[in-house]
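This briefing is meant to be read alongside the sequence and the coordinates. Please keep both in view while going through the points below.

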Amino acid sequence: MSDAIDNPITKSPTISSVIKPMGHYDLRIVRGEGVRFWDEEGTEYLDAVSGEWVVNLGYRHPKVIEAIKSQLDQIEYVTPVFENEQRTKLAEKVLSHAPKNMRSVLFALSGADAVEGAMHLAMRATGGTEFVSLYSAFHGTTFSTLALSYSYPKMLEGSKEGLDRYLTRQTRVPNYNCYRCPFDLKPGSCDMLCARFMETAIKHQPDAKVAGVIIELFQSNGGMIPMPDGYIEAVRDICTRNGVALIADEVQTAFCRCGDVFASNVLGVEPDLIIMGKAFGAGMPLSGVVAAEGFTSLRGWEAGFTLMATPAVCAGSHAMLEVMEEEDLGRNSREIGAHIMGRLNEMKDRYSIIGDVRGLGLMIGVELVLDRDSKEPADELTGFVWKHALEVERLLIGKSGPVFGDFGNVLKLKPAVNTTRAEADEMLDRFERSIAAAQSRLETKH
Ligand SMILES: Cc1ncc(COP(=O)(O)O)c(C=O)c1O
């Protein structure tokens, strides 16, 4: 197995025909089942991240596959301007799980275009033109979503290529991060300055009105960061008082990842717009926006896509939601998440390299540091753990990249939401051996 290649375009002759904007690791996966997948040589791997936090029921859930196949036997495409029964059924199912203020669903294909749909809806509803996003946020790689994302200025550092030609002007404000507070304050005595600062940002727009504040309900690419209690309530209040849309980016947090179909319900917030993506299509391309009363008007063809919400994709998504209901997977996510967090906190007592463990349901991050007092990020050892887990333990975990947040020292565990306790323990045993290997590397260096 070759080393991970960071260069976006690989030199391998067999795959040079594909431009790979997300880097490349030469592992050829050919089959998946539940929380396991196999490469072309038949080697079995355990997947602790649901692919890319996408297959929330694991690979090839029989009910999802059956729903997709039987719909394909009827018809594969219906023009978006005609009634599409599977699309309507899915919208109703989504709304039955959404916060009670929600009224309609706008469909799209990927997280980024759903974010853009939400931007349109917010602008139409509020008359504003600007958006506020957070430090370390990630909302996609189309021009306007890159503009909202923290990664963009880092990617273009020193670049003179003029790629900002189509970028919109946006305002970024300090994020919530109690482990590394951007204001250098301590939880409990900070008076939630990160939330209060949002109001300052909204009011100090020199020449334009803010349409929306966009927030991940658990900051993911930026380093797996949970919101402190009271944060989202404070931001909700600020948005309401200022006539600004609260847009919850639930591309990663929805579909039982955080203990309910929507993390908004776990946190008890009623956003104006909720963005769905990743797991929404159960492995197929599907995204969307759930919109509250007053946030549903668009002009014809303003934010639509030819291939959005095709019948088989909607049928698979609907089947996924039914399984989530039947098996009470929100509860499973909370229970298995609590079990994993418990074991990770025990590991923290054994390995000084673990600086912080944080999670909500099965959305879990482990931050590695060289020293707990200085919190110096252990970037290199984090890469080592990721590689060791994959190559030695045959365990796929996730890792934050410095391009999104400040550092690349956070490991991610986001297994399927129907993961059993035995499967979680198997993942954790392999994870712990990888952490132990990194700890002894650290100790031999010093
Ligand atoms: C929180 C969040 N929003 C939006 C996106 C963009 O989604 P997509 O890659 O499907 O366009 C991502 C992707 O990682 C994400 O994590």
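Predicted model: local features only at pLDDT ≥ 70, side-chain atom pairs only at ≥ 80, totals over all residues.

**Ligand surroundings**

- The shell around the ligand is made up of S110, G111, A112, F138, H139, G140, E216, N221, D249, V251, Q252 and K278, and by residue class it divides into 3 nonpolar, 6 polar and 3 charged members.
- Two of these residues face oxygen atoms of the ligand: an N or O atom in the side chain of S110 is 3.3 Å from a ligand oxygen, while a polar backbone atom of G111 is 2.8 Å from a ligand oxygen.
- With F138 the ligand contributes a nitrogen atom, which lies 3.4 Å from a backbone N or O atom of that residue.
- On its own the ligand has 390 Å² of accessible area, and the protein covers 83% of it.

**Sheet of 7 strands**

- An open sheet with mixed pairing is formed by 7 strands, in the order β4-β12-β11-β10-β7-β5-β6.
- The edges are taken by β4 (102–108) and β6 (171–173), and because each has a single partner strand, one side of each is left without a neighbour in the sheet.
- From one strand to the next, the twist of this sheet averages 20°.
- Strand β5 (residues 130–134) pairs with β6 in the parallel sense over 3 bridges, and L134 stands opposite V173 in β6.
- Helix α3 (residues 85–97) lies across β4, β11 (273–276) and β12 (287–292), and it runs at about 130° to β4.
- Helix α4 (residues 111–126) also packs on the sheet, where it touches β4, β5, β7 (210–216), β10 (245–249), β11 and β12, and its direction makes about 25° with that of β12.

**Sheet of 4 strands**

- A further open sheet, again with mixed pairing, has 4 strands in the order β1-β2-β3-β16.
- Here β1 (29–33) and β16 (395–396) stand at the edges with a single partner strand each, so one side of each has no neighbour in the sheet.
- Strands β2 (residues 36–39) and β3 (residues 44–47) are joined in the antiparallel sense over 3 bridges, and W38 has E44 in β3 as its bridge partner.
- Helix α13 (residues 421–445) lies across β2, β3 and β16, and its course is at about 100° to β3.

Definitions and conventions
Residues numbered from 1 in each chain as written. Heavy atoms only, no water. Near = heavy atom within 4 Å. Polar contact = N/O pair within 3.5 Å; in protein donor to acceptor, adjacent residues only side chain to side chain. Areas by Shrake-Rupley, 256 points an atom, 1.4 Å probe, with all protein chains shown as cover. Nonpolar A, V, L, I, M, F, W, Y, C, P; charged D, E, K, R; others polar. Pairing = 2+ DSSP bridges. Helix = DSSP H or I, 4+ residues; strand = E, 2+ residues; numbered from the N terminus. Contact = heavy atoms within 4.5 Å. Axes fitted to C-alpha atoms, helices over the stretch in contact; angles between N-to-C directions.
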